[in-house]
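Please open the model in your viewer and keep the selection panel at hand. The tour below goes from one selection to the next and says what is to be found at each stop.

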Amino acid sequence: MRLPELRRVLQTIVLASLPAAGCLGTNADDCLERTAQRTLVIDLPTDGPTELKVESCRVDVDACLDLCRAAMRRAMLSEAPGGCDVTFQAGHVNVDVTYTYYNGDGCVVAGRRPAGLQALRGGGGDRAADWLARAAWLEAASVHSFVQLARELEQAGAPRTLVAWAMSSANDELRHATMVTRLALRYGATPQVPEIAPVSGRSLEALALENAVEGCVRETWGALLALWQSRTALDPDVRRVFAQIARDELRHAALAWAVDRWLAPQLTGEALDRVAAARHVAMEDLTRSHEAIPALGLPDLNAARALLGRAQSLVWRGASS
Amino acid sequence: MTYSMRWMIAGPLLVAACSTSEQPSPNPPPPWGVPISGGTLLVTQDGRYAVVSDPDRDRLVTVELAGVPRVVAELELQEGDEPGRLIEDGAGRVHVALRRGGALLTVDPLLAAPVRRAACAEPRGLAWASATDVVYLACASGELMTFPAAGGDATRVVRLDRDLRDVVVSGDELIVTRFRSAEILTVAADGTVASRVAAPTVQRAAIDFGAPPEDPLPSVDAVATVAWRTVPLPTGGALMLHQRHLRSALGTESGGYGKGCRGPAEDAMTVIRPGVAPVAVRSFANGALPVDLALSPEGDRLAVVTAGTREVYVDAAALDEPDRDDCDRGVFPRVVPFTDDLGAPTSVAWTATGGLLVYYPELPGLVFRSGTDLTAATTIKLPGPVGYDSGRALFHRATGSGLACATCHPEGRDDGQVWEFAELGLRRTQSLAGGVEARAPFHWSGDMEDLPMLMQRVFVERMSGPTPTRSEGLSLGPWLDRIPAPAAIVADAAAVERGRQLFNSSALGCVSCHGGPAYSSYQRFDVGTGGPFKTPSLLGVSARTPLMHDGCAATLRDRFTTCGGGDAHGVTSMLSDAQLDDLIALLESL
């Protein structure tokens, strides 16, 4: 599937899967919604970044969102403010926030993983922060994925455009890693640096298998998820970052399909069957876990199923048939 | 005073709602600040003081760096002076270019005994020559002026070209840069231009992700533009920090400005050495609006601030490392920038002890970084209230395409570039100076009804920017409208007057479209240049070449000779060369 068509299809899937009402992630089967209210006090004078936000909020109500988010970060609250009331008083500022948090388990982190990627250690902190740390770790790992892909494509005599496209994608992933790392740090998590074990020369079939799983399925899912997050995340910073990521991930997914098209004529019929089977297994794997985190726009189980179902019928099955 | 602000969030949407007891004004505050120019921070040679030009507040501030850094002096300037570059001479005097004040200000580091000397209309770059103890001042209005450092009027004024930016002393010669074109002039001791060269154009991989693969990989020219800052190198010559614009076609669809590996613009550095062609070297900065750089006293480290991404990049000064296309070669910028969360940084300077100072005008404050890895950071709050303008902030903020508004409209003007649009053809960047709100509808073809529409179609969709807040939408236009048109040049008043008579004559018909105080009706006309286009204002027209919608006229004269629509665009073919000179003199004076 080429880029313009892939972009159109994925945008259609997201639009079709968005709920009619604005409220998301309330399915009792998979997440427990709680609303909390806190009064956060900022004593004055304060540090430079906070002072800038306090004084900007003082003169423009539209600037107060930054202050509310900063106040929540200072209080180690990773959720996005659902409502916020700022009151300036002598010597301090009161920030009354309401926010929604969810309970749930599992993990959906999308994107291309390089061969040789070593398992992530630790975790167990705040869910949104943990998810962002894992996402940043995976974005950084994806840099290696695309460098590796470019090298293998070059060695296999692929068209120069495919090689450069892969390198360009690696550059995108570096930018994504930086952006998501900043978000993770803001939420209080420090992403790990990925460790990649060396990978020796692989066959064209091995390359096709990895491309089918990591690219055609996971990159496509990553693009779809990022598109969804860019529209539904409660945190506007997350929406902004994932809007940028979605744009790039669409290209990465299209690259995977372009690599798939280039490799296919060079593989035997049996090898093509194995590639198709691997793609199917990868699709199924995506449905086995999920995590609803509304601050980050991560869908609840119903929405995730809707997205996956439409992607399976409109992208993956169509491509494999 | 106590007051309260409130809003509610419904689902993923932010909605301004009612407030409680005391409410703020529903409208954002009045416009604040000027377009970012960068490079307004100086650390004195003895390492004792940092002197800050604050162009947004028209003042100078001095911070003593010994011990715990503290503010020791503040000097209020005249409203609208817009202090910019600073340079220190051998006697410890500090000279400041007043960008809109049209003057050279000389003070001591504690800001005592200020002396103001009349200069040009648009002072920009400064350099001090130790051999002759003079201060050179480069002007955007075109003059290169020489002042005795100790005081007194200019001893020499050489008229070069408009849009001069920085000046660097290199042996007996001066290196002078031009802002929009990043052109490099070498000026001999007698004031003549010894050479004039463009910064190198380099090749960048061009990848159309929607097209079938091509082999070999096509490439496009990446042209040097917008020379934000040029500083001297210890061994002679200079280092120029600038942008490059990639000559690949832009699209009007969503994400249309973000094609290719890095979008249509990138950060760049060019080394200028005496007697040899300038060399493009590898840039380690990777953010929008690279407005200032500083070379450490030992010459081993470089710092770059990118105002659009609000970042500070520091890396080894590998000035012999040639430029390369990171996208094509798979070698990526490895520098992780510092971010201080204090708004857009505009200036950077090294201290004598290897620390780094970064100026943030909005707080206002300096961040002092120390230690071998510069991770220990202290904020030095400068006096005065926070500067806030959400329109100004939006104008300078990087988007998903890697561009900020100010990338193509540096300092609120234009980058002098002609962009190719897949659907529209060639379009020259329009200057935003001299008032924009009255010009609606916008763009050459007038297809953008108003500023909100333009922000949605261009900023949000093509540039992949965030949807502006209510405050940003309300603030941008009034803030832009404060940017004045470039200064007029009147070299020969009599010629200007003769030109005015021609301009106003019914035989030429100029005023039928270019009438009124802005010299434009802002209506669309087909004047034989390829279709109906908006009539541009003529205010500051000589400062924004190339001219016409497609940039076909490199100079004002070209507009009347090589392109411009002929007599369908004002009846000028019967003018003599002398009359044309007069008409051009008038246009330069607007």
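**First stop: paired strands in chain B**

Begin by selecting strand 4 (residues 49-54) of chain B together with strand 5 (residues 59-64) of chain B, which run antiparallel and are joined by six bridges. Helices (H or I, at least four residues) and strands (E, at least two) are DSSP runs numbered from the N terminus, and two strands pair if DSSP finds at least two bridges between them. Within this pair, S53(B) stands opposite L60(B) in strand 5 of chain B.

Before going further, note that this is a predicted model, in which local features need pLDDT of at least 70 and side-chain atom pairs count only at pLDDT 80 or more, while totals for chains, interfaces and linings use all residues. Residues are numbered from 1 along each chain as its sequence is written, and chains are lettered from A and ligands numbered from 1 in the order in which they are written.

Now widen the selection to the open sheet of four strands in chain B that has the order 3-4-5-6, with antiparallel pairing. Its edge strands are strand 3 (41-43) and strand 6 (70-76) of chain B, each of which pairs on one side only. Neighbouring strands of this sheet are turned by 15 degrees against each other on average, direction ignored, where axes are lines fitted to C-alpha atoms, for helices over the stretch in contact, and angles run from 0 to 180 degrees between N-to-C directions.

**Second stop: another sheet of chain B**

Strand 7 of chain B is joined by four bridges to strand 8 (residues 94-98) of chain B, and the two run antiparallel; here P83(B) has L98(B) in strand 8 as its bridge partner.

Move on to strand 11 (residues 123-129) of chain B, which is largely enclosed by the rest of the structure because five of its seven residues are buried. A residue is buried if 20 or more other C-beta atoms lie within 10 Å of its own, exposed if 12 or fewer, and partly exposed in between, with C-beta atoms placed from the backbone. Strand 11 of chain B pairs in the antiparallel sense with strand 12 (residues 134-139) of chain B over six bridges, and P123(B) has C139(B) as its bridge partner in strand 12. Four residues lie between the strands of this hairpin, in which D133(B) takes a positive phi near 50 degrees.

Turn to chain A, which has nine helices and three strands, and where 55% of the 321 residues count as buried. Select T220(A), which has its place in helix 6 (residues 204-232) of chain A and is buried, with 28 other C-beta atoms within 10 Å.

Finish with helix 8 (residues 269-286) of chain A, where V275(A), R279(A), M283(A) and L286(A) are buried. They cover an arc of only 80 degrees around the axis, which puts them on the same side of helix 8 of chain A; the arc is that of the directions from the helix axis to the C-beta atoms. The face turned away from this buried side carries the exposed residues E270(A), D273(A), V281(A) and E284(A).
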